[in-house]
Amino acid sequence: MGDILRDIFLGFIRAHLLHHAAKRPIFGTEMIEELRHHGYDLSPGTLYPTLHKLEKGGFLACEKRIVEGKLRKYYHATPEGLRLLEKVRAKVRELTREIISHRVPAAGPFAEPTRAKAAKAVSGRKKAASARTAPRKARMPRSRS
Ligand SMILES: [Zn+2]
């Protein structure tokens, strides 16, 4: 189970990193701290390769700054990273709706009505999706200075 859980959590962690890097430039140690608040105990040996992978994929850009005499790498989301974040958001929304909001019993006396309700929710979702025509303005990362 450990490996599977780790795979799933790594996806969540990537989503967190993208989210924070879209708001403002982030750096490694503060993200380890931030993710600890969310219940992830992450070592630098896991975090840095994850950041580098996002950078290599063109989703994060790195900027080196000298802070208190030491070189620090800041990462911010690129336009490609912002587009990826939008896709991730849509999937998280969908997943939350499915596994958190609409937790249904696998079987039982309410199986049929629940299924009908779920079908209704799907058609409502389609309407909502078609109403959303104008793309939302992408937030650009702001510099901290
Ligand atoms: Zn966070």
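**Exercise 1.** Work out whether Ile 32 is buried, partly exposed or exposed, and why.

*Solution.* Start with what you're looking at: this is a predicted model, where local features need pLDDT of at least 70, side-chain atom pairs count only at pLDDT 80 or more, and totals for chains, interfaces and linings use all residues. Residues are numbered from 1 along each chain as its sequence is written.

Step 1: get the cut-offs. A residue is buried if 20 or more other C-beta atoms (placed from the backbone) lie within 10 Å of its own, exposed if 12 or fewer, and partly exposed in between.

Step 2: count. Ile 32 has 17 other C-beta atoms within 10 Å, so Ile 32 is partly exposed.

**Exercise 2.** Find where Ile 32 sits and which residues it is in contact with, leaving aside its neighbours within four places in sequence.

*Solution.* Step 1: Ile 32 belongs to helix H2, residues 28-37. Helices here are DSSP runs of H or I with at least four residues, strands are runs of E with at least two, and both are numbered from the N terminus.

Step 2: two residues are in contact if their C-beta atoms, placed from the backbone, lie within 7 Å. With those sequence neighbours set aside, Ile 32 touches Leu 42, Pro 44 and Leu 47.

Step 3: check out Ser 43 too. It's 11 residues from Ile 32 in sequence, and their C-alpha atoms are 7.3 Å apart in space.

**Exercise 3.** Describe how H2 and H3 cross, and what kinds of residues make the contact.

*Solution.* Step 1: the axes of H2 and H3 (residues 44-56) come within 10 Å and cross at roughly 115 degrees. Axes are lines fitted to C-alpha atoms, for helices over the stretch in contact, and angles run from 0 to 180 degrees between N-to-C directions.

Step 2: that makes H2 roughly perpendicular to H3, a label that covers 65 to 115 degrees (under 35 is roughly parallel, over 145 roughly antiparallel, the rest oblique).

Step 3: on the H2 side, the contact uses Gly 28, Met 31 and Ile 32; H3 brings Pro 44, Leu 47, Tyr 48 and Leu 51.

Step 4: sort them by class, and you get 6 nonpolar, 1 polar and no charged residues. Ala, Val, Leu, Ile, Met, Phe, Trp, Tyr, Cys and Pro count as nonpolar, Asp, Glu, Lys and Arg as charged, and the others, Gly among them, as polar.

**Exercise 4.** Zoom out: how many helices and strands does the protein chain have, and in what order do they run?

*Solution.* Step 1: the protein chain has 5 helices and 2 strands.

Step 2: from the N terminus on, the order is α-α-α-β-β-α-α.
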